[in-house]
Amino acid sequence: MTLARVCVVLALSALSYAPVAYAEPEEPATAEQVIDWIYAYSEYYGFSAYKAISVARCESAGFNTAVINGWRRGALGEVGTFQFHPRGIWWATPQARGGYSMFSPEENVAAGVWSLAHGFGPAHWVWCWLRG
C-alpha cells in the first residue's frame with residue numbers, strides 16, 4: 001500500500017466515526033438580553049453601543065424573537081440578530097474561527113459588534129448602517 005493510499009484510508013476511517021457531544025439547547029434569547037450583550041461587546045471592542053443597537057434593531061426586525069434566535073432566516077439564508085449570511089463575513093470573525101455557531105444568539109451579537117468595530121458596517125449592513 002502506498003503512503004498516499006494509507007493517508008486516504010486513515011482519513012476516511014476518521015470521518016466514519018465522529019462522536020457528537022450532547023448539549024442542552026440554549027434558552028431562547030430575549031430582546032433585553034441581546035441589548036445587554038450589545039452593550040457589553042461594544043464596550044469590549046470599543047464601538048458605539050448606540051450604533052450597534054441601531055444596526056441590530058434594523059437587521060432583526062425590531063429584535064424579533066424568531067429572528068434573534070435563528071428560527072426565522074433572511075431571504076438569502078441570513079441568520080440571527082445581525083443577519084449573517086452563511087457564506088459571508090461570519091467566517092472572518094473570531095467567533096467563527098473559535099468554532100462557535102452563527103445560530104448562537106450571543107455569538108451572533110459578539111461577531112456583529114466585532115465586525116462593526118473593525119469597519120465592516122458600511123459594506124455589510126448598508127441599509128441599516130445608513131438608517132442608524
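Colleague: What makes a stretch of this predicted model count as a helix or a strand?

Modeller: A helix is a DSSP run of H or I with at least four residues, and a strand is a run of E with at least two. By that rule the protein chain has eight helices and zero strands.

Colleague: Why is Trp129 called partly exposed?

Modeller: Buried means under 20% relative accessible area and exposed means over 50%. Trp129 has 21%, so this residue falls in between and counts as partly exposed. Trp129 lies in helix α8, residues 126-131.

Colleague: What makes Phe47 a contact of Trp129?

Modeller: Contact means heavy atoms within 4.5 Å. Beyond its neighbours within four places in sequence, Trp129 is in contact with Phe47, and also with Lys51, Val55, Leu116, Gly121 and Pro122.

Colleague: How do you know that Cys58 and Cys128 form a disulfide?

Modeller: The sulfur atoms must lie within 2.5 Å. Those of Cys58 and Cys128 are 2.0 Å apart, so the pair qualifies. A search of the whole structure finds one disulfide. Cys58 lies in helix α3 (residues 49-59) and Cys128 in helix α8, so the pair ties together parts 70 residues apart in sequence.

Colleague: Why is the disulfide called left-handed?

Modeller: The torsion about the S-S bond is about -70°, so the disulfide is left-handed.

Conventions:
Residues numbered from 1 in each chain as written. Predicted model: local features only at pLDDT ≥ 70, side-chain atom pairs only at ≥ 80, totals over all residues. Heavy atoms only, no water. Buried < 20%, exposed > 50% of the residue type's maximum accessible area, 1.4 Å probe, protein only.
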